[in-house]
Amino acid sequence: MRKLLTSCLLLAGACLVGQAQNDCTSIVEYPLGRQWVYQWYGDNQKPSFRTYHQVIAPGATADISRLKMVIINAFQDTVYQGQYEVQCTDRGLSLDLLSKLTPDMLSSLAGFELRTEENGWRLPIGLHSGDSIPQSYSHITGFSNGVQVLEIDLAIGPVHILDQEDLNTPAGGFPCVAMAYELWVTQLVRKRFRLRDWFAPSIGVIRREVFDRNGKFFGYCELVAFLPG
């Protein structure tokens with residue numbers, strides 16, 4: 001069980017032979033048009049939000065992909081639309097910290113122009129079960145009509161790599177690696193959440209569970225559709 005992360009992430013290192021040095025596609029692939037659809041549920045197990053993530057364009061450089069995210073509530077109203085970037089390097093996959101926020105958190109940011117500093121955390125190549133990823137930080141400012149109206153500080157980690165689990169979702173069954181970590185959100189007051197992700201090689205997050213700082217269940221999401229692109 002403790003060998004899975006070696007096989008799924010070290011494969012990226014094997015893929016580097018004869019290919020570009022930024023090939024980490026065995027972690028997650030981002031071809032144009034690829035789409036992930038997640039259904040979110042509250043602590044009462046009732047559906048709350050549905051989120052759509054789609055690769056829409058390359059970024060500023062060849063190793064960056066740009067994704068569009070749309071969040072729809074239970075009444076089928078669009079409550080958030082935005083974009084974020086991921087970067088594939090020879091050291092691993094860099095992910096936008098905004099992608100760690102729950103839909104209700106993101107819906108409160110709808111309509112603002114968001115700018116980030118120190119954005120992203122890296123899922124390195126070559127991790128093993130029992131390893132940890134250090135904390136990552138991001139400072140976000142929100143603007144409305146060119147005027148700054150909010151500031152948010154995000155921090156996640158350390159991310160603890162757990163063991164393999166086979167997980168079934170509406171999108172299919174996947175061999176996954178579980179990851180546990182904390183998310184800190186500071187906007188006037190600091191809030192702390194505990195999260196657990198189930199991550200499938202070359203696909204991405206399959207399930208995410210969210211708890212409050214005391215371990216009380218907050219909600220979860222699971223992958224309900226996956227379009228390879």
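A: On a 1 Å grid over the protein atoms alone, a pocket is an open set of points where a 1.4 Å probe fits, with protein on both sides within 12 Å along at least five of seven lines, and lining residues have an atom within 4 Å of a point. The model is predicted: local features need pLDDT of at least 70 and side-chain atom pairs count only at pLDDT 80 or more, while totals for chains, interfaces and linings use all residues. Residues are numbered from 1 along each chain as its sequence is written, and side-chain values use heavy atoms, with hydrogens and water left out.

The largest pocket has a volume of about 230 Å³, a volume being the space filled by probe spheres set on the grid points, which are joined across faces, edges and corners. Its lining consists of Leu-101, Asp-104, Met-105, Ser-108, Leu-109, Ile-152, Val-185, Gln-187, Val-189, Lys-191, Phe-193 and Phe-218. Helix H2 (103-107), strand S12 (172-187) and strand S13 (189-200) are the elements that each give two or more residues to this lining. Strand S13 supplies the largest share, 3 residues. Helices (H or I, at least four residues) and strands (E, at least two) are DSSP runs, numbered from the N terminus.

By residue class, the lining of the largest pocket has 8 nonpolar, 2 polar and 2 charged residues. Here Ala, Val, Leu, Ile, Met, Phe, Trp, Tyr, Cys and Pro count as nonpolar, Asp, Glu, Lys and Arg as charged, and the others, Gly among them, as polar.
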